[in-house]
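Let us walk through this protein model step by step. Keep the sequence and the 3D view side by side as you read.

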Amino acid sequence: AMNAKSDPTEEERKGGSGHIGKMVFSCGVDKLAVLAYVPEEKQGELSCEQWLEKVLSTFPGSKMLTKDKTVSTGIIPQDSDKGIFPLKIREPLILEANNFLRKLGLFPEDNGDDDDEYVFGDDDFPS
């Protein structure tokens, strides 16, 4: 649904992000499921399989379930003996996914610059 073309005439817009690569994490009780998506126009710059493999490799016991150039999936099972719990490992995995993209120049660098101008209301928009 998130990759579907959005209808600009609808009051509630849904989808519209098919041109953006993404990694989706779903935490269950006994495992963390991960899905990587790379749009066709970015597949020359980013391998969906390699991206997901790199992220999954940060924890032992991970498994690739499907490998494809557009969508790849995998899981990391919970292992309480090794301190692997789905909710606890999600954040480090997101960081790993973003760092992989940064190394390829596909994710903006965080330069720590907070000098962005904030917009608070209509007075901030000159007519």
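Start at Val-38, which sits in the loop between β2 and α1. The model is a predicted one. Is Val-38 buried or exposed? Val-38 has a relative accessible area of 0%, so it counts as buried. Its list of contacts, leaving out residues up to four places away in sequence, holds Gly-21, Gln-43, Leu-46, Cys-48, Trp-51, Lys-69 and Thr-70. Now look at Lys-22. Val-38 and Lys-22 are 16 residues apart in sequence, and their C-alpha atoms are 6.7 Å apart in space.

Next comes the core. In soluble globular proteins, nonpolar side chains tend to be buried together. Here the largest nonpolar core has 20 residues. Which of them have the most contacts inside it? They are Met-23, Trp-51 and Leu-93. Trace the contacts of Met-23 and set aside its neighbours within four places in sequence. Met-23 then touches Val-34, Leu-35, Ala-36, Trp-51, Leu-52, Val-55 and Ala-97. Trp-51 is also one of the residues that Val-38 touches.

Leu-35 belongs to strand β2 and is in contact with Met-23. Its relative accessibility is 31%, so Leu-35 counts as partly exposed.

What about the cysteines? Cys-48 is buried, because its relative accessible area is 1%. Cys-48 is also among the contacts of Val-38. Cys-27 has 30% relative accessibility and therefore counts as partly exposed. How many disulfides does the model have? The count is zero.

Now turn to charge. Side chains of opposite charge can pair when their charged atoms come close. The model has five salt bridges. One of them joins Glu-96 and Lys-54, with 3.6 Å between the closest N and O atoms. Glu-96 lies in helix α2 and Lys-54 in helix α1, so this pair ties together parts that are 42 residues apart in sequence. The two partners differ in cover. Glu-96 is buried, at 19% relative accessible area. The cut-off for buried is under 20%. Lys-54 is partly exposed, at 35%.

Another salt bridge links the side chains of Glu-45 and Lys-42, at 3.5 Å from N to O. Glu-45 has 44% relative accessibility, so it counts as partly exposed. Lys-42 is partly exposed too, with a relative accessible area of 35%. Arg-90 and Glu-91 also meet through their side chains, at 3.7 Å from N to O. Arg-90 is partly exposed at 30%, and Glu-91 is partly exposed at 47%.

End the tour at Lys-88 in helix α2. Is Lys-88 buried or exposed? Lys-88 counts as exposed, because its relative accessibility is 59%. The cut-off for exposed is over 50%. Now find Leu-32. Lys-88 and Leu-32 are 56 residues apart in sequence, yet 10.0 Å apart in space from C-alpha to C-alpha.

Note on methods. Residues numbered from 1 in each chain as written. Predicted model: local features only at pLDDT ≥ 70, side-chain atom pairs only at ≥ 80, totals over all residues. Heavy atoms only, no water. Core = buried A, V, L, I, M, F, W, Y, C linked by side-chain atoms within 4.5 Å. Buried < 20%, exposed > 50% of the residue type's maximum accessible area, 1.4 Å probe, protein only. Contact = heavy atoms within 4.5 Å. Helix = DSSP H or I, 4+ residues; strand = E, 2+ residues; numbered from the N terminus. Disulfide = S-S within 2.5 Å. Salt bridge = Lys/Arg side-chain N within 4 Å of Asp/Glu carboxyl O.
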